[in-house]
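Take a look at the model first, then read on.

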Amino acid sequence: MLNLLDADKKEIECFFEAIGEKKFRAAQVQSWLYRGAMNFEEMTDLSKTLRRRLDEEVRKGTISLGGITRLAALSSSDKSTEKFLFGLSDGNAIETVLMRYKYGNSVCVSSQAGCRMGCVFCASTIGGLKRNLTPGEITAQVTAVLRHIKDEKGYSLSSKEERIGHIVIMGTGEPLDNFDNVKRFIEIVSDPHGLAVGLRNITVSTCGIVPMIGRFAEELPQVNLAISLHAPNNAVRSTLMPINRKYPIEVLMPACEDYVKKTGRRITFEYALAADRNDTEQQAEGLIRLLKRYFREKNGTAGLCHVNLIPLNKVEETGLEGSDRRKAETFCSLLTAAGVPATIRREMGADIHAACGQLRLSENNPDKTNI
């Protein structure tokens, strides 16, 4: 089966030629798919005869239009965040989050169904990895959210009133564990004839698969990189993130330094604050020393890096509690006073369990009450 959201233009052109149609139909269909069309009937510049023919090809299993179905949706009380649970054609489920900022719409997508990294604070890894997502299944999350926005505001599919301006690959799964498909997804959504999302408006988050960081720097140098750090030393990080046992901090940090040297891009370090685990003043001081060692500038500041402090959303199954706001502000103040750029991420979606994997976990465990 040819998933039209997986395929490139040439592959779709070949399909149309195989059924006796002109290959320019490929560009028409792709344009509609990237606007959020969910069926051929909505593609009004195709003849009715062709639309019926394409519907028949779907029924025959020759082609598909993405292969995801919305199973559930939750909206935060302030309407800034919406979380979607999408079902895949094989019965697996993934999550996608829409975040509405003053500067535009941002979507956080999943790259895998489940995850094998085992980070103890993350619900995504409970149950392990089911499989990688295809480029089309990742793209379908973005187009489904775009369609939702347009429907909500009563805009036509061809309207340019709303668009997705930023994409974060930070949902369920480890993107660098599915690098080839994630790379192809980025090529699709950044294509000027597709969703036209700028490469510098796309961020990939990784727990730190060191060999893939080098490949990322070579092949996607304009895309933002975020490293889930979460601790300033191996003793704490290994208890939170099993990946640290394979790629400890003394291996990870030189790879991050090399990334900055190769690309000239700032790197973000994500640091989820867990009460009494990684949020003490001593750990803040350890983080300062670590980052200044690898990113020191002549004036003593930590250049071309930024620490994104994240108030940890509570996930019952992990047993971890997030730090309170006062402690987060103290931690942030220590970093900035020492010349390490840092901010506390705005809390969004806590009332709809927007942490990765929570909605999916509820779907798989009906006795849970967090939907």
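**Helix packing at a glance**

The model is a predicted one.

**α5 with α6**
- The two helices, α5 and α6, cross in a right-handed sense.
- On the α5 side, the contact involves Phe179, Asp180 and Lys183. On the α6 side, it involves Met212, Arg215, Phe216 and Glu219.
- The residues of this α5–α6 contact comprise 3 nonpolar, no polar and 4 charged.

**The buried face of α6**
- Helix α6 covers residues 210–219, and its buried residues are Val210, Met212, Ile213, Phe216 and Ala217.
- These buried residues line one face of the helix, because they fall within an arc of 150° seen down the axis of α6.
- An α-helix has 3.6 residues a turn, so residues three or four places apart point the same way.
- The buried residues of α6 pack against α5 (179–190), β10 (202–206), β11 (224–228) and α9 (249–263).

**α4 with α5**
- The axes of α4 (residues 135–153) and α5 come within 8 Å and cross at roughly 45°.
- Helices α4 and α5 are therefore oblique to each other.
- The crossing of α4 past α5 is right-handed.
- From α4, Pro135, Ile138, Thr139 and Val142 make the contact. From α5, the partners are Asn181, Val182, Arg184, Phe185, Ile188 and Val189.
- The α4–α5 contact residues split into 7 nonpolar, 2 polar and 1 charged.

Note on methods:
Residues are numbered from 1 along each chain as its sequence is written. This is a predicted model: local features need pLDDT of at least 70, side-chain atom pairs count only at pLDDT 80 or more; totals for chains, interfaces and linings use all residues. Side-chain values use heavy atoms; hydrogens and water are left out. Buried means under 20% relative accessible area, exposed over 50%, partly exposed in between (1.4 Å probe, protein chains only). Helices (H or I, at least four residues) and strands (E, at least two) are DSSP runs, numbered from the N terminus. The arc is that of the directions from the helix axis to the C-beta atoms. Contact means heavy atoms within 4.5 Å. Axes are lines fitted to C-alpha atoms, for helices over the stretch in contact, and angles run from 0 to 180 degrees between N-to-C directions. Angles under 35 degrees count as roughly parallel, over 145 as roughly antiparallel, 65 to 115 as roughly perpendicular and the rest as oblique. A crossing is left-handed if the near helix is turned anticlockwise from the far one by less than a right angle, and right-handed if clockwise. Ala, Val, Leu, Ile, Met, Phe, Trp, Tyr, Cys and Pro count as nonpolar, Asp, Glu, Lys and Arg as charged, and the others, Gly among them, as polar.
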